[in-house]
Structures are given as C-alpha cells and as structure tokens.
Amino acid sequence: MFKTKQKKRKLELRKLSEELGVTIELDYENDKAYNYIIENVDLLRDIIDSFPKFKNKGLVIKFKDTEKRPIAYKHQRQPLESGETTIGTGNLQTSIEIELAGISSLIHEFGHLVDEYEIKNRNSLYSETSDYALINHLYKETLSKELKASNTQLTHDLKRYSELNVETFARLFQQYYLDLYGENELTRMKKPLDIADETARKVYQEHKELIDNYFDEVYYNVQFEPNLLDLNEQLGRSL
C-alpha cells in the first residue's frame, strides 16, 4: 500500500510538472510537503506563469521540509527562510531548492534567474551593470544605517554576503514582485523579517519609483520580450 501511494504521487507530480512547464520534485514519503503543494497548486501555477521564459526549459523546483539554513546564516540565532538556485551549465540542470517553511523565498530565487538570464549574450549579470549601481548603493547605504540603528552585529562573512550585488538584486526584485502581483500563501514573507530583507523592504518603499522603473524594464525584457531564439523556435527554424 505504501509503495502504491508513492507510485501514485510520482505519477501525479509528473503530470503536474508537464502542466506547469517545470519539473516539481519533493519527497514522496513526506505527506506534509506533498499535501501543501497540491493544496496550493493554483498559486504555484500563477507564480510560474509570471516567468514564461523559464517554462519548458528544463527548470527543476525542489521542495524540502527540513530545518536546513543557508550556509551564510549558520551563525545566526533566528530561523531564516532559505533557498538556493543552481544555474545549469553543460549537463547540469538549472534548479531552485526551497524550504517549505520559507516558501516565499521562491520569488527571491526566481530573482536570481532573472539576473542570470541569457548572460552569455550580455557578458554580465544585470546586478553588475551600471544601470543597477545606484540602486545597489542605496541598499548598502541603508543596510549600514539599519545595522547601526539596531546595534546589530553581523559576522564579516554574513555582512559581505548581505551586500553581494546578486543578493541585493534578488531581495529588491522580491519586493518589486510582491508589489506588482500582491501577496498570497506562497509569496507572503514571514515576520519578523531579518535585517537584510527588512532593508530591502525599506529601500523599496523609499525609492519605489526608481526601483519600479528599473525592474519594469528588466523583468519585461527577460520574461515578455521575444528574443531571436524564441522567434526562431516559433518559426520552427534553427539558428
């Protein structure tokens, strides 16, 4: 009976993956993880549909139900939402790994994919361009003020991690996305926010027009603007 349940779940998730355009992976034995995804599948579909360029491209989303924390935060006392994105190269698949306890970080991880999109044709991450430099500066400046005001001490490694361009980009993209689409069961960030995410929230609120204008262009170009490869695929041609 147990093996039958596992097999059934495996087949159901395979069918779901085909419908969503991304591969969904989780522990078939974990009732909590399986039921949570099935119960919120419509919300998950909405999220994935908001990133059309990542559909049917081999993306894998792995849902986990553990107490694992990001390495950068291992010295922190408070539990933190966690996720990890691996960009596929060669035979390696592009994947997002998400803890169910911090499932809202799925948007943060999609932010990393947006940052990396078609990097081979651009020669740099969006987060490393001069267009992002001012926003990145505002984030770092605000983080320093928040740390001082709250008398919060971060380890050297954690502060360095918090100020990485790729991380500030993903945090601010998450704030932009929440404002654009609204919050729901899967995207609502748990309170209290850690200081890095709280800084992102504050910077977004204080510089909303600047950040909206920036991400409007990046998000549209990445997800909705046809590129040469997409046009050739639609026409049934090869480059």
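These are my notebook entries on a predicted model of one protein chain.

**Entry 1. Ground rules.** I number residues from 1 along each chain as its sequence is written. The model is predicted, so I take local features only at pLDDT of at least 70 and side-chain atom pairs only at pLDDT 80 or more, while totals for chains, interfaces and linings use all residues, and side-chain values use heavy atoms, with hydrogens and water left out.

**Entry 2. The whole chain.** I looked up the secondary structure and found eleven helices and four strands. Helices (H or I, at least four residues) and strands (E, at least two) are DSSP runs, numbered from the N terminus. Of the 239 residues, 44% count as buried. Buried means under 20% relative accessible area, exposed over 50%, and partly exposed in between, with a 1.4 Å probe and protein chains only. I then checked contacts (heavy atoms within 4.5 Å). Among those between residues at least 6 apart in sequence, 71% join residues at least 24 apart.

**Entry 3. Helix H9.** For the twelve residues of H9 that gives 16 Å, and the end C-alpha atoms are 16 Å apart, which agrees.

Next I listed the buried residues of H9: Ala196, Asp197, Thr199, Ala200, Val203 and Tyr204. They cover an arc of only 155° around the axis, which puts them on the same side of H9. The arc is that of the directions from the helix axis to the C-beta atoms. An α-helix has 3.6 residues a turn, so residues three or four places apart point the same way. The cover over the buried residues of H9 includes helix H6 (130–149), helix H7 (156–162), helix H8 (165–181) and helix H10 (208–223).

At the N-terminal end of H9 I found a cap, Asp194, with a side-chain oxygen 2.9 Å from the backbone nitrogen of Ala196. I count a polar contact as a pair of N or O atoms within 3.5 Å; within protein, one must be able to donate a hydrogen and the other to accept it, and residues adjacent in sequence count only if both atoms are side-chain atoms.

**Entry 4. H9 against H10.** The axes of these two helices come within 5 Å and cross at roughly 95°. Axes are lines fitted to C-alpha atoms, for helices over the stretch in contact, and angles run from 0 to 180 degrees between N-to-C directions. H9 and H10 are therefore roughly perpendicular to each other. Angles of 65 to 115 degrees get that name, those under 35 count as roughly parallel, those over 145 as roughly antiparallel, and the rest as oblique. On the H9 side, Val203, Tyr204, Gln205 and Glu206 meet Lys208, Ile211 and Asp212 of H10.

**Entry 5. Helix H10.** The 16 residues of H10 should span 22 Å at 1.5 Å a residue; I find the end C-alpha atoms 21 Å apart, which agrees. Its buried residues are Ile211, Asp212, Tyr214, Phe215, Val218, Tyr219, Val222 and Gln223. They pack against helix H4 (105–116), H6, H8 and H9.

I looked at Gln223 separately. Gln223 is buried, with a relative accessible area of 2%. Leaving aside neighbours within four places in sequence, Gln223 is in contact with Ser50, Phe51, Pro52, Lys53, Phe54 and Val114.

**Entry 6. Gln175.** This residue belongs to helix H8 and counts as buried at 10% relative accessibility. Beyond neighbours within four places in sequence, Gln175 is in contact with Met189, Asp197, Ala200, Arg201 and Tyr204.

**Entry 7. Ile61.** Ile61 lies in strand E2 (residues 60–64) and is buried, with a relative accessible area of 0%. Its C-alpha atom is separated by 5.9 Å from that of Glu97, 36 residues apart along the chain. With neighbours within four places left aside, the contacts of Ile61 are Val22, Thr23, Ile24, Glu25, Ile48, Ile96, Leu106 and Phe110.

Entry 8. Most residues other than glycine have a negative phi, and most peptide bonds are trans. Asn56, in the loop between H3 and E2, has a positive phi of about 55°. Asn151, in the loop between H6 and H7, has a positive phi near 55°. Asn56 is exposed at 61% relative accessibility, and Asn151 is exposed with a relative accessible area of 61%. The peptide bond from Lys191 to Pro192 is cis, with omega near -5°. I place Pro192 in the loop between H8 and H9.

Definitions and conventions:
Expected span 1.5 Å × (residues − 1).
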